[in-house]
Amino acid sequence: MHKIGIIGGGQLGKMMILDAKRLDDYFVILDPTLHCPAHSIADEHIVADFDDVAAIEELASKVDVVTYEFEHISVKALQQVEAKGCPVYPSSETLLHIQNKYDQKQWLMSHGLPVPDFRKADSYEQLVEDCDYFGYPVILKTCTGGYDGKGNAVIHTREDIREAYESLGAGSLPLMVEEYVPFLKEVSILVCRSTNGDVAVFPVAENVHVNSILDETTVPADITEVCREEAMDVARKAVHAFNAYGMLCIELFVTKDQHVLVNELAPRPHNSGHYTIEGCVTSQYENHIRAILGLPLGSTELIRPTVMKNIIGNVNKKAEVHGLEEAYKYPEVKIHIYGKEECRVGRKMGHITVTDKTIEDALFKARYAHSKIKF
């Protein structure tokens, strides 16, 4: 039996545990919320903030290996854990290059991976200069802390700069400017690397966002074979460029000429990879656990066309799910409810997966089930 520590007890941690319990692994989680999604199935739960270095060290003292389900954690804490002999995957070094989006883009570019043009904005004056350099529209991003569209602003004209600057902290957080990419579609690709050296790449997934939050993922992505091969190549190069172990998700823009540009990376299992639970021979969660334990990786083959649709909160109230009986009308439907105590507008409360003969059939059934579920 392996003892595994997870920093974070959300739905990604919960899904790691669900897959790994088949191996009888023992899990200690660290999360400030007592009844977080992973709480009910973790063996131990350290209730502490994610920046509590002493608590992270306590977690490490109880386990053989530490991993994490989101990247906004202390690199210094992970370095201290590693210095005391507990391995962390992905490592503090990997996180260091990914956590700050400006550093991430520089690292990608230095390793020959395709990215949109970007500049740092160290002051308001520099921001204005950068926007004029790129032309409009342009993307303003916080270098740290953003997720689900938070930390991003589109600047359409010179007159919009001040409002965007203030909406992202008016310089209290480091900022960067990125050229606007008129992409055809957004896709993502998941790659996993085991500490034994195995590398496995999952199929390219096509993603649709609503209000900057992932709404639907369809697999296989409707892209050219050349574009698919480019994405696969980026995945293999990226996992080595960042010396990453475990899951790495690369979000990509598909350009009008069917090439790819890297938008962002996440050193962990990813929302756009939920489809792998039912859609692939081996899920991203199982392969992540296998990877950090140094085990051979499982097949990433797509079993048949698959759709994943997120269930996003649209009210603020105590979470109580309704409509499951109606949502299960079609037998191909699989529903995942995360177990969050509070439903909030824009919060991921669960997801639906459908595998079927065609993407069209799967989409219809996923959307039908989604229309019946209420919180």
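Two strands are said to pair when DSSP finds at least two bridges between them, and strands (E, at least two residues) as well as helices (H or I, at least four residues) are DSSP runs numbered from the N terminus. The model on screen is a predicted one, in which local features need pLDDT of at least 70 and side-chain atom pairs count only at pLDDT 80 or more, while totals for chains, interfaces and linings use all residues. Residues are numbered from 1 along each chain as its sequence is written, and side-chain values use heavy atoms, with hydrogens and water left out.

**Stop 1: the hairpin of β13 and β14**

Select β13 (residues 246–254) together with β14 (residues 260–266), two strands that run antiparallel and are joined by six bridges. Within this pair, E251 stands opposite E264 in β14. Five residues lie between the two strands of the hairpin, and there Q258 takes a positive phi near 65 degrees.

**Stop 2**

If contact is taken as heavy atoms within 4.5 Å, and neighbours within four places in sequence are left aside, I98 is in contact with Q104, F242, L248, L265 and P267. For a sense of scale, draw a distance from the C-alpha atom of I98 to that of A369, 271 residues apart along the chain, and the separation is 36 Å.

**Stop 3: the parallel sheet**

Now display β1 to β4, which form an open sheet of four strands in the order β3-β2-β1-β4, with parallel pairing. Which strands stand at the edges? They are β3 (44–46) and β4 (65–68), each with a single partner strand, so one side of each is left without a neighbour in the sheet. Neighbouring strands of this sheet are turned by 25 degrees against each other on average, direction ignored; such angles are taken between N-to-C directions, from 0 to 180 degrees, using axes fitted to C-alpha atoms, for helices over the stretch in contact. Between β1 (residues 3–7) and β4 there are four bridges in the parallel sense, and G5 stands opposite V66 in β4.

**Stop 4: salt bridges**

A salt bridge here is a side-chain nitrogen of Lys or Arg within 4 Å of a carboxyl oxygen of Asp or Glu, and a search of the whole structure finds 20 of them. One of these joins D43 to K21, with the closest N and O atoms 2.7 Å apart; D43 lies in the loop between β2 and β3 and K21 in the loop between α1 (11–20) and β2, so that distant parts of the chain, 22 residues apart, are linked. D43 is partly exposed, with a relative accessible area of 34%, and K21 is partly exposed as well, at 31%.

Select K62 and E44 next, a salt bridge whose closest N and O atoms are 3.1 Å apart. K62 lies in the loop between α2 and β4 and E44 in strand β3, so the pair ties together parts that are 18 residues apart in sequence.

Then turn to K185 and E206, whose side chains meet in a salt bridge at 3.3 Å, N to O. K185 lies in β9 (residues 185–193) and E206 in β11 (residues 205–210), so this pair ties together parts that are 21 residues apart in sequence. Are these two residues buried or exposed? K185 is buried, and E206 is buried too.

**Stop 5: β19 and its partners**

Finally, select β19 (residues 348–355), a mostly covered strand in which eight of its eight residues are buried. Strand β15 (residues 306–312) pairs with β19 in the antiparallel sense over seven bridges, and the bridge partner of N310 in β19 is H351. Strand β17 also pairs with β19 in the antiparallel sense, over five bridges, where V333 has V354 as its bridge partner in β19.

Definitions and conventions: Buried < 20%, exposed > 50% of the residue type's maximum accessible area, 1.4 Å probe, protein only.
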